[in-house]
Amino acid sequence: MPESVVKTEGGKKRLVMDYRGSPYGADLAQYAQVMQDVIDKLREADVDEIVLSEYYERVYDAEQTLWLKEISEVVSEFEAEGVWSPRHLSKDQRSKTLSQRHDAVLSIFNTLRGDPFKAYLMIISEMKAQMQRMQALPPEEQEDLKLYLATLEYMRDKLENTKLLRKMKEYLQQLGSIPTDRGIYHSFFEAAIKPSFIGSQIFFTETEKLELVDQYEVLGTKVYIYRHPDKVESFYFINPPEYSLPPEKYFLLEKTKEVVAAHRPENVEFFDITQARRYFKKVYVATIGDLAAQNNIALSQEEREELAEIVARYTIGYGILEIILSDRRITDVYIDSPLGMKPIYLVHSKYGQCQTNILFSSEEARSIVSRFRALSGRPFDEAHPILDFDLPDLQTRVAVIGKPLALDGTAFAFRLHKDTPWTLAQFVDVKMMDSYTAGMLSFFVDAQASQLIVGSRGSGKTSLLQAMMLELPQNLRIILQEDTQEIPVPQMKKIGYNIQRLKTRPPLGAVVEGEVSAEDALRTALRLGDSVLIVGEVRSKEAIALYEAMRIGAVGNTVMGTIHGESAYSIWDRVVNDLGVPSTSFKATDFAVVSAPIRFKGSLERKRRLIEITEVKKEWNEDPLAENGFLTWSSFDAGKDALEFNQSKLGESDWLAKLKKLRGITVDEVFSEIRARGLAKQRLVDLKNKLGLPELLEAENSVTAHAKYLLLREMQLQENGGVDHELLLKNWGSWVDDSLVRELQRRRG
Ligand SMILES: Nc1ncnc2c1ncn2[C@@H]1O[C@H](COP(=O)(O)OP(=O)(O)O)[C@@H](O)[C@H]1O
Ligand SMILES: [Mg+2]
């Protein structure tokens, strides 16, 4: 009998039986002996699931376990009843018949433990044979035979009352024949397989009911997106190669892990991750090669590399999470506590909320948390139950919460940063705003308005901030203050922006040496002089310094940031009443740009929309709402799904008056410029859709296009002292067609 233990995971009791070194594989469908071991064990252990482990594990689910448990109960009853004892077989206690009957029943009983179906067939055929003899027997022997038949009947009924036998009979009726081998068990005991060194389980249940809507590959792993006819959420199933390898490869993986465990790279620092990984992978390839040779397993170089990649994933990498965090179509991943109960779920940029086929185990959670702790240099324990930091190699924000904050134990949330910044043109394309509004925002940025982007979490504030940053001329110096690294600075630098990032301490979580507070960082930023100031998220006290600086004009050019709220008024309230900024300092904000997830007509799907653009006027003292301090330029009409522009009111605009005074630009010129910028963006969107060229709207190209627009405009200004927007758009349009689009098409080949 193999060693076994009962483990509790995610509220489920699991019987784990260890088949390493056993002559049988860990498969109860295949081997009668294994089924017998399990059924015998189930007579004493009350469990919800069965796990048979070798170099991989087979996990039998609650239903399968229940089937076997019923069989084990029948076994116990037969034993308690003593079905083979003479009193159940014959009145004549010395006859040859008795010993024949005794042998038959005992043989059925023994078969039952490893092959209940065969035992059932044996009962049936024994009954048939005995009935046929009946007629020929003298009356007293007939009576004696009835006693035996009653025993067989009792055994048959007991078995027929189990779910497993009922199911099998149904199945066979459909099949129309009786199998002679254990094939039938394979139909009933198909189990989820996982390598034993991986904690998490994946499952493929009920896929027949699902409709496959998409499939693609991430890191060599197949991803399947399914829909269920009656469910709102979609299904995101992965099938990583490590879950379906032949046994000898599991053996090699396990051995390799044992060998390399000694130099497990627990403390590799961020900067070294990629390099370290390359190094360790080489070590693994060599180790796997040696082990394969020692054990006479033939492996190609490619197979060695594939296995080494798997070992790397589960030693130096992030395990199964690495696969989903590498799928950049995902925006968020959530793992709730208690672990192992519910599958991981995620938000897909195209398919919305999805349930996955991954059950994340507490074992894997423990190991990933210790990796996170080492990588972040931050504590995570009962005194510090929040761990909040960036994984730069996966461009992901990690949030882990633990006890006592999370009552049911550790839970995870991951936010995947988009690896290229959003652009206004992309927002027009996904209908977050119309092109006229995009032109307006572009103009605000250019005219150095200070703007706060307002919205709830996930409404797209940070994304919009990135897009607005891309409207800045590339020659400006940008100072970016963020506590969490969400703005894709490396990509923006590559495009040609001059960005200085000041990383600040998150307001929650533990203090780490070397991190400065947002407030101190801002003071430093202001001393850096004339530059654009971007505040990733205005959260707390730094708002006072920020507003003070804006008010006295210490910040040279544009100031932009995001803030949590739902309207211009709500952020005034927050900034003044919660964060302690003097009410009139709030006037340093020129515009509040508000975004929100909208559910159209009560649809379950949320679409992100800009819902308000409001100017903060300058002539009020206490309460902008009471004193007519807000001027709404645009407001959202959900019925039309449109942001309506209220041009007629703009005579009251202080900002337009200021522009006229400082720059000599008239209101008509402003709107002509806004309109032209909007038309330019619209043209890119239309071309992208017509030609199927999504890259046209990507940051790199839309920035090039915008720079070209500014250049052509500047040339007109120099030559004519004014701008003819029609001509400008015509010239710019030809350049887009003849140069930009051609180039992109050429690159595609
Ligand atoms: N208009 C949009 N359409 C689709 N996805 C969007 C849109 N705007 C933002 N997103 C995505 O939504 C997620 C949350 O956006 P983010 O800008 O971080 O929100 P916030 O800063 O308001 O919390 C990101 O993954 C982002 O890529
Ligand atoms: Mg944000």
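This is a predicted model: local features need pLDDT of at least 70, side-chain atom pairs count only at pLDDT 80 or more; totals for chains, interfaces and linings use all residues.
Nine strands form an open sheet with mixed pairing, and their order is 7-8-9-12-11-10-16-15-14. Strand 7, residues 211-218, and strand 14, residues 386-391, stand at the edges with a single partner strand each, so one side of each has no neighbour in the sheet. On average, and ignoring direction, neighbouring strands here are turned by 20 degrees against each other. Within this order, strand 9 (residues 234-239) pairs with strand 12 (residues 352-356) in the parallel sense over three bridges, and tyrosine 236 has threonine 356 in strand 12 as its bridge partner. Helix 12, residues 362-376, lies across strands 14, 15 and 16, and runs at about 70 degrees to strand 14.

Now to the helix pair. Helix 2 (residues 62-81) packs against helix 5 (residues 139-160) at an angle of about 160 degrees, with the axes 10 Å apart; because angles over 145 degrees count as roughly antiparallel, that is how we describe these two helices. Their crossing is right-handed. On the helix 2 side, Ile71, Val74, Glu77, Phe78 and Glu81 meet Tyr154, Met155, Lys158 and Leu159 of helix 5, and by class this contact has six nonpolar, three charged and no polar residues.

Terms used: Residues are numbered from 1 along each chain as its sequence is written. Chains are lettered from A and ligands numbered from 1 in the order in which they are written. Side-chain values use heavy atoms; hydrogens and water are left out. Two strands pair if DSSP finds at least two bridges between them. Helices (H or I, at least four residues) and strands (E, at least two) are DSSP runs, numbered from the N terminus. Axes are lines fitted to C-alpha atoms, for helices over the stretch in contact, and angles run from 0 to 180 degrees between N-to-C directions. Contact means heavy atoms within 4.5 Å. Angles under 35 degrees count as roughly parallel, over 145 as roughly antiparallel, 65 to 115 as roughly perpendicular and the rest as oblique. A crossing is left-handed if the near helix is turned anticlockwise from the far one by less than a right angle, and right-handed if clockwise. Ala, Val, Leu, Ile, Met, Phe, Trp, Tyr, Cys and Pro count as nonpolar, Asp, Glu, Lys and Arg as charged, and the others, Gly among them, as polar.
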